[in-house]
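Colleague: Could you take me through the ligand site in this one, and the pocket around it? I'd like a close look at that part alone.

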Amino acid sequence: MAKINENFLKLPGSYLFSTVAKKISAFESANPGAQIIKMSIGDVTRPLVPSVINAMHKAVDEMAAAETFRGYGPEQGYDFLRAAIVENDYKSRGISIEPDEVFISDGAKSDCGNIVDIFAEDNKVAVCDPVYPVYVDTNAMSGRAGEFVSGKWNKLYYMECTRENGFLPEIPKEKVDMVYLCFPNNPTGMAAPAEYLKKWVEYAKANGAVILFDSAYEAFITEPGVPHSIFEIDGADEVAVEFRSFSKTAGFTGTRCAYTVIPKKLKVGETSLNALWNRRQCTKFNGAAYVIQRAAEAVYSPQGKKETRANIEYYLENAKIIRESLAEAGIEVYGGVNAPYIWAKTPDRMGSWEFFDYLLEKTQVAVTPGEGFGPSGEGYIRLTAFSSHEKTAEAMDRIRKTLK
Ligand code: PLP
């Protein structure tokens with residue numbers, strides 16, 4: 001008889017976004033005509049920019065002619081895109097990365113989730129709390145998280161991100177083997193200074209740990225001096241893997257393209273993780289679509305850069321409106337300067353679900369309760385800057401008036 005991977009049975013239901021959706025639809029049924037504004041969605045709303053669309057059209061036409069048609073592409077991604085990434089995302093920042101250290105994929109979610117394949121089951125894994133849930137659930141699925149007891153996995157090492165530590169978790173006192181870091185962070189919206197990342201690189205070197213660095217939101221960094229890549233830190237190429245995505249940078253959430261950088265210097269014992277990941281990808285992945293990789297390449301053209309930058313600025317303007325409006329309403333706010341997420345403290349010690357219900361009821365604005373991202377998210381809500389200016393301003397107006 002076939003047996004299943006029992007680790008899947010240990011997973012709690014993904015209650016967060018489904019509960020949020022259910023509560024919104026229950027409210028809509030009870031209040032027909034209510035104009036709900038969703039500040040809860042972590043998805044972009046601006047369309048793909050003209051440079052990207054033109055590149056896609058051109059690539060589609062290539063696929064229509066026998067002379068230019070492409071079948072299976074390289075599992076690691078086309079050279080033109082790997083070269084553009086190296087040139088624009090790394091070389092331009094003084095970072096030395098080779099094209100064969102870049103692996104193109106269909107998403108950072110897939111890469112963050114699949115990377116666990118190349119690590120042993122008995123590795124000790126550290127995650128932030130609150131956290132992007134993919135790191136936790138994929139380790140649970142592959143048997144590295146233990147049992148889910150009272151809201152936590154008993155084999156994971158949770159690193160609390162609180163206002164007391166500026167949402168930069170303390171370096172573990174004990175030895176861990178794999179560390180997930182995400183900066184700028186989802187959900188807190190906070191970025192990490194170089195000095196802080198340097199400590200992680202030192203820790204990883206001293207303990208033989210691998211840092212899995214998710215910089216899906218690097219394009220939102222506005223403050224000078226904040227690293228866009230872990231590889232800006234000396235020695236990080238010996239201890240870190242970096243995940244990047246075109247999703248939030250260039251509106252590719254529905255188009256799907258991302259990449260993972262694994263330096264050849266990064267070794268676990270004698271084994272190169274670059275070689276291991278290459279082996280894994282060649283077996284389990286058949287490459288991202290040619291048309292989409294041409295679209296991603298266009299993000300790096302001078303015009304593509306200008307156009308995608310304008311969209312990022314658009315979202316950052318929303319983030320500013322959210323920050324300022326909530327502060328005016330007496331709410332403590334974090335993030336939103338180097339990220340499209342704003343992490344806000346609930347007033348009067350309200351629970352995060354309680355404040356969610358209150359805002360939905362009184363203002364018809366939907367947010368995400370912080371507790372859904374982990375126990376330390378209790379007492380916070382997350383708002384996103386991905387809406388339109390008009391809806392963002394309207395939502396903030398309602399909240400300001402209600403809380404005053
Ligand atoms: N990493 C983080 C921190 C995210 O918040 C997200 C999406 O919300 C992803 C990765 C997923 O990116 P992609 O769309 O490339 O799968």
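**The pocket and its ligand**

Modeller: The largest pocket has a volume of about 1,300 Å³. A pocket here is an open set of points on a 1 Å grid over the protein atoms alone, where a 1.4 Å probe fits, with protein on both sides within 12 Å along at least five of seven lines; lining residues have an atom within 4 Å of a point. The volume is the space filled by probe spheres set on the points, which are joined across faces, edges and corners. Of the 45 lining residues, F17, Y132, P133, V134 and F373 are the closest to the pocket's centre.

Bear in mind that this is a predicted model: local features need pLDDT of at least 70, side-chain atom pairs count only at pLDDT 80 or more, and totals for chains, interfaces and linings use all residues. Numbering runs from 1 along each chain as its sequence is written, and side-chain values use heavy atoms, with hydrogens and water left out.

Helices are DSSP runs (H or I, at least four residues), as are strands (E, at least two), numbered from the N terminus. By type, the lining splits into 23 nonpolar, 12 polar and 10 charged; Ala, Val, Leu, Ile, Met, Phe, Trp, Tyr, Cys and Pro count as nonpolar, Asp, Glu, Lys and Arg as charged, and the others, Gly among them, as polar.

Now the ligand: it sits in this largest pocket, meaning more than half of its atoms lie within 2 Å of the pocket's grid points. Its shell has 14 residues, the closest being A108, D214, Y217, S245 and S247 (a residue is near if one of its heavy atoms lies within 4 Å). The shell holds 6 nonpolar, 4 polar and 4 charged residues, with α4 (108-114) and α7 (247-250) each giving at least two.

Polar contacts are pairs of N or O atoms within 3.5 Å. Y217 puts a polar side-chain atom 2.6 Å from a ligand oxygen, a backbone N or O atom of A108 is 2.7 Å from one, and a side-chain N or O atom of N186 is 2.8 Å from one. The protein buries 91% of the 400 Å² that the ligand exposes when taken alone (Shrake-Rupley, 1.4 Å probe).

P187 is in the loop between β7 and α6.

How values were computed
Polar contact = N/O pair within 3.5 Å; in protein donor to acceptor, adjacent residues only side chain to side chain.
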